[in-house]
Structure formats: C-alpha cells, structure tokens
Amino acid sequence: MFSLNDKTIRDSFVNASRKELSDLTLPAGFAEIDWAKLDYFGWNDPKRPRRAYVVVPVGDVAVGVLLRRADTKPASRAQCSWCQDVQLPNDVVFFSARRAGAAGRNGDTVGTLVCSDFECSRNVRKRPTMAYIGFDIEAARLDRIASLQIRAASFAEDISATA
C-alpha cells in the first residue's frame, strides 16, 4: 500500500459527510505505520466505539469508506470476508457502510464481515500450514495477499458506485 497522510485520508472518503470527516480521529501511532506491510488501512475510531474507517487502494487512488460496527457480534465464530483466514487469532464483526451519492442518502448500505481490528494484512502474511508434500507455501501466501487486495478493493468500488 502507498503512504497516506491526514489530508489524503480525509480527501479519500466517498460516503462521509463533512461533519463526519471533521470528527475523524486517526489511530494512535499513525506516524509509525509501516505502509509496506498493509494491503489497506483500517481502524476503529478511538472516540466513537461503533465507527470505523477503511482506506483501500483501488488502482492508484485511495478510496476511504466510513463504516458502522454492528451492535452485536455474530452468534457463531465468523470468517472474515476479506482475509478468509481459517485460523483467525482475532474476532470478526459485521460492518455496514452507506453507499456514496444519492443511493447512500436514500439509505442504501453494504455490509461485510471483517476482522474486528482490521488485522487482515497481518493474517494473510502468516505462513500457511503445509497441506501436502510439494505445497509451495510462499506462493500460497502471495496468493492470499493478492486475494485480500482484490476483495478489499471490490468492497470499496461497490460503495463508490453511484449508478
């Protein structure tokens, strides 16, 4: 992922009002983020427990999406829709997002199950367990990274679509 700064992040949002953007709080340690280890940038708002943000590279453009966390956790252990890690070391929660433009103003939303603290980039970089002799672990890891990037970008494009 390419480096982001405060202004780039705020300018990237496609489904947030000016008021919501002015209330946006960046996470602690923002200046120390290692962008090379991220496939997207996501965080929970430290001041608003049900609000979260994700900025996803779509091509060479950053697309920011304001998310709302569901009040309750899934009844059973859910799998993250983005990293699809079967050995999750973390919780998965349901997030919804208003669509951009008129659709969002009319209440149209999109939902997804994502790692609660947006740990997907770390999860897909773990070495998978060896499935069988001859299994190329590094190729599998690289495939998981590429798949995460595609799924996150697809979500951002879905939110951005105004037609």
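A polar contact is taken as a pair of N or O atoms within 3.5 Å; within protein, one atom must be able to donate a hydrogen and the other to accept it, and residues adjacent in sequence count only if both atoms are side-chain atoms. The model is predicted, so that local features need pLDDT of at least 70 and side-chain atom pairs count only at pLDDT 80 or more, whereas totals for chains, interfaces and linings use all residues. Residues are numbered from 1 along each chain as its sequence is written, and side-chain values use heavy atoms, with hydrogens and water left out.

Asn15 lies in the loop between helix 1 (6-12) and helix 2 (18-23); helices (H or I, at least four residues) and strands (E, at least two) are DSSP runs, numbered from the N terminus. Asn15 has a relative accessible area of 5% and is buried, where buried means under 20%, exposed over 50% and partly exposed in between (1.4 Å probe, protein chains only). Beyond its neighbours within four places in sequence, Asn15 is in contact (heavy atoms within 4.5 Å) with residues including Gly64, Val65, Leu66, Ala97, Arg98 and Ile159.

Strands are treated as paired if DSSP finds at least two bridges between them. Strand 4 (residues 92-98) pairs with strand 3 (residues 61-69) in the antiparallel sense over two bridges. Strand 4 also runs antiparallel to strand 5 (residues 109-115), joined to it by seven bridges. Within strand 4, Phe95 stands opposite Arg69 and has Thr112 of strand 5 as its bridge partner.

Helix 5 (residues 137-160) contains 24 residues and spans 35 Å from first to last C-alpha, close to the expected 34 Å, a value given by 1.5 Å times one less than the number of residues. At the start of helix 5, a side-chain oxygen of Asp136 comes to within 3.3 Å of the backbone nitrogen of Glu138. The buried residues of helix 5 include Arg141, Arg144, Leu148, Phe155 and Ile159. Strand 2 (51-58), strand 3, strand 4, strand 5 and helix 4 (120-125) are among the elements covering the buried residues of this helix.

Zero disulfides are found in the whole structure, a disulfide being a pair of cysteine sulfur atoms within 2.5 Å. The sulfur of Cys80 has its closest cysteine sulfur in Cys120, at 3.5 Å, which is too far for a bond. Cys115 is likewise in no disulfide, with the nearest cysteine sulfur, that of Cys83, 3.7 Å away. Cys80 is buried at a relative accessible area of 1%, and Cys115 is buried at 0%.
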